[in-house]
Amino acid sequence: MLRLTILAVGKCRGTAYEALVADYTRRFTFPVAVHEIDERKPMTAAQLRHRETTLLIEKIPSGAYTVALDPRGKTFSSEDIANFLRQRQEDGTRDVAFLIGGADGLTDEALTVARLRLSFGSMIWPHLLARVMLVEQLYRAQQILIGHPYHRG
């Protein structure tokens, strides 16, 4: 069974985003884990992005197919995401990890680790909202794969 891991910079605890992420993750039929990275040590913006990258990469499950959210990446329809997950299941991938950067995005190192760069379009979204959007689209993809009417175009 395919396992999904979302690795994200920043904490959404105590926000409206937390409830939305929790609501969607409860609905999945396959395992979904959300891990948050929150570095609180004082450092420059460049140092912080480097540290966040290190923490994200350390959390990637061994052998995972890694996807980075990046505004310069490929845009997918909901059906494309479903097909992507189907392909990962068919090729025997056990884990798919999604990386979401903080306010300053992901470093080149994080983007290099990723096998796919996924974009939600040319607009820039707040990183906490991007987390909700990703979880919803993954849930929608699951529903497409099982033929559930949740997904209506």
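Leaving aside neighbours within four places in sequence, L4 is in contact with F28, F30, P31, V32, A33, L85, V96, F98 and L138. This picture comes from a predicted model. L4 also belongs to the largest nonpolar core, where L4, F98 and L138 have the most contacts.

**The nonpolar cores**
- The largest nonpolar core has 27 residues.
- At least two residues of this core come from each of these elements: strand 1 (3–9), helix 1 (16–27), strand 3 (65–75), helix 3, strand 4 (95–100), strand 5 (116–119) and helix 5 (127–145).
- Helix 5 gives the largest share, seven residues.
- Another core, of 14 residues, lies apart from the largest one. Among its residues are V9, A97, L106 and L111.

**The cavity**
- One cavity of 30 Å³ or more turns up in a search of the whole structure.
- The volume of the largest cavity is about 40 Å³.
- Its lining is made of V67, F76, I81, F84, F98, L116, L118, L134 and L138.
- The lining has nine nonpolar residues, no polar ones and no charged ones.

**S78 in helix 3**
- S78 lies in helix 3, which covers residues 78–90.
- S78 counts as buried because its relative accessible area is 13%, and the cut-off for buried is under 20%.
- The side chains of S78 and Q137 are joined by a polar contact of 2.6 Å.

Definitions and conventions. Residues are numbered from 1 along each chain as its sequence is written. This is a predicted model: local features need pLDDT of at least 70, side-chain atom pairs count only at pLDDT 80 or more; totals for chains, interfaces and linings use all residues. Side-chain values use heavy atoms; hydrogens and water are left out. Helices (H or I, at least four residues) and strands (E, at least two) are DSSP runs, numbered from the N terminus. Buried means under 20% relative accessible area, exposed over 50%, partly exposed in between (1.4 Å probe, protein chains only). A polar contact is a pair of N or O atoms within 3.5 Å; within protein, one must be able to donate a hydrogen and the other to accept it, and residues adjacent in sequence count only if both atoms are side-chain atoms. A nonpolar core is a set of buried Ala, Val, Leu, Ile, Met, Phe, Trp, Tyr and Cys residues joined through side-chain atoms within 4.5 Å. Contact means heavy atoms within 4.5 Å. On a 1 Å grid over the protein atoms alone, a cavity is a set of points where a 1.4 Å probe fits but cannot get out, and a pocket is an open set with protein on both sides within 12 Å along at least five of seven lines; lining residues have an atom within 4 Å of a point. Grid points are joined across faces, edges and corners, and a volume is the space filled by probe spheres set on the points. Ala, Val, Leu, Ile, Met, Phe, Trp, Tyr, Cys and Pro count as nonpolar, Asp, Glu, Lys and Arg as charged, and the others, Gly among them, as polar.
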